[in-house]
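Work through the exercises below with the sequence and the 3D model open beside you. Each task is followed by a solution that goes step by step.

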Amino acid sequence: ILTAGPKREEQMDNVKRTIENLGKAGIPIMGYNFSLAAVAGRKMLPYARGGAISPVYDKDADENFDKPLPNGFVWGQQVEEAEGDMGDVSLEEMWDRYDWFMDRILPVAEAAGVKMAIHPDDPPYPIFGLPRIITCEKNLDRMLAIVDSPANSLTLCTGSLGCAAFNDVTALVRKYAARDRIAFMHIRNVQRFADGSFEERAHFSPCG
């Protein structure tokens, strides 16, 4: 589905059955991602409170960061046989793939009583030369408008959105909560740096 490969109709049928089974089991939310490049550039270091281990994003931590991903690979797994690399996937092509997916899965999710809750891209900007679409308010609005339904919702991750200076996370929470489009949240503190790197930190407490 993510690669628009030759087996995507078959894979789409599998996803539909999964959503139907979630509904039958009484599971009301399906958290998911729609990204080719997954999460990259992470190190686990003792930067959190008391020396606790936490994720640190630094593109220099991944020796493959600037190398194009091979075709047929998604989230580090080979999903189909293909040659070459993915470096020529455009932003609008990625949106077309997402539109295709949403047009087919939302009616199934609505019938099953399951909310599809997409997680923002982490980090919310291009990596490996590949586009990211779930990154900012403009794109979140576009995503929610594809199928305007309560079943089309967000996993609102404050860390993934907050690591980009162009996102006002508090405003995003207020906006999408008012529209009842937040299925659940991941709440993380993030410290940003000018070079684009960031660190996940412990939550601040009013009690110190």
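**Exercise 1.** Determine at what angle the axes of helix α2 and α3 cross, and which residues make the contact.

*Solution.* Begin with the axes, which are lines fitted to C-alpha atoms, for helices over the stretch in contact, with angles running from 0 to 180 degrees between N-to-C directions. The axes of α2 (residues 91-112) and α3 come within 10 Å and cross at roughly 35 degrees. Helices (H or I, at least four residues) and strands (E, at least two) are DSSP runs, numbered from the N terminus. Next, list the contact, meaning heavy atoms within 4.5 Å: α2 contributes Glu92, Trp95, Tyr98, Asp99, Met102 and Asp103, while α3 contributes Asn139, Arg142, Met143 and Ile146. Finally, sort these residues into five nonpolar, one polar and four charged, where Ala, Val, Leu, Ile, Met, Phe, Trp, Tyr, Cys and Pro count as nonpolar, Asp, Glu, Lys and Arg as charged, and the others, Gly among them, as polar.

Before going on, note that this is a predicted model, in which local features need pLDDT of at least 70 and side-chain atom pairs count only at pLDDT 80 or more, whereas totals for chains, interfaces and linings use all residues. Residues are numbered from 1 along each chain as its sequence is written, and side-chain values use heavy atoms, with hydrogens and water left out.

**Exercise 2.** Work out in which order the four strands form the open sheet, and which strands lie at the edge.

*Solution.* Two strands pair if DSSP finds at least two bridges between them. The edge strands, each pairing on one side only, are β1 (29-32) and β8 (182-186). Within the sheet, β6 (residues 115-118) and β7 (residues 152-157) pair over three bridges; methionine 116 stands opposite asparagine 152, and isoleucine 118 opposite leucine 154. Helix α3 (residues 137-146) packs on the sheet, touching β6 and β7, and its direction makes about 155 degrees with that of β7. Six of the six residues of β7 are buried (under 20% relative accessible area, with a 1.4 Å probe and protein chains only), so β7 is largely enclosed by the rest of the structure.

**Exercise 3.** Explain why cysteine 163 is too far from the closest cysteine sulfur for a bond.

*Solution.* A disulfide is a covalent bond between the sulfur atoms of two cysteines. Here a pair counts as a disulfide if the sulfur atoms are within 2.5 Å. The closest cysteine sulfur to that of cysteine 163 belongs to cysteine 157 and is 8.3 Å away, which is too far for a bond. The structure holds zero disulfides.

Notes: Buried means under 20% relative accessible area, exposed over 50%, partly exposed in between (1.4 Å probe, protein chains only).
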